[in-house]
Amino acid sequence: MPRVAINKKTYMLRDLANWIVGRMYVKGLRQEDVAQWIGINQQSMSRRLKLAREGKDAFSAGELITLLKNLDATDEEILRLTKM
């Protein structure tokens, strides 16, 4: 099914969650490690990733900046993941 402009935000939030999980895997990080960066516990990180995968806002702008920086996002990735 093609991506429809009406659901663009939902698709982008899903892409963001999948990108974060993928980078965590590549870098050998656990949810607990990433959660500490933004000052939450592992259970909250798990819930937020689940919400993002459902297409719901889960991270504040400040948290998102911290995650992208610490997960070594390139400029192109930052533009693609935050362009809503």
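In the chain, 61% of the contacts between residues at least 6 apart in sequence join residues that are at least 24 apart. The structure described here is a predicted model, in which the chain holds five helices and zero strands, so that its pattern, read along the sequence, is α-α-α-α-α. The radius of gyration is 12 Å, close to the 12 Å that the globule rule gives for 84 residues, and the chain is therefore as compact as a globular protein of that length. Taken along the principal axes, the box filled by the C-alpha atoms has dimensions of roughly 35 × 25 × 20 Å.

Of the 84 residues in the chain, 35% are buried. The largest nonpolar core contains 20 residues, among which Trp-19, Ile-20, Ile-38, Met-45, Phe-59, Leu-67 and Leu-68 touch the most other members. At least two residues of this core are supplied by each of helix 1 (8-27), helix 2 (31-37), helix 3 (42-53) and helix 4 (61-70), and the largest share, five residues, comes from helix 1. When its neighbours within four places in sequence are left aside, Phe-59 is in contact with Ile-20, Ile-38, Met-45 and Leu-67, and also with Arg-48, Leu-49 and Ala-52.

Terms used. Residues numbered from 1 in each chain as written. Predicted model: local features only at pLDDT ≥ 70, side-chain atom pairs only at ≥ 80, totals over all residues. Heavy atoms only, no water. Helix = DSSP H or I, 4+ residues; strand = E, 2+ residues; numbered from the N terminus. Rg over C-alpha atoms; globule rule 2.2 N^0.38 Å. Buried < 20%, exposed > 50% of the residue type's maximum accessible area, 1.4 Å probe, protein only. Contact = heavy atoms within 4.5 Å. Core = buried A, V, L, I, M, F, W, Y, C linked by side-chain atoms within 4.5 Å.
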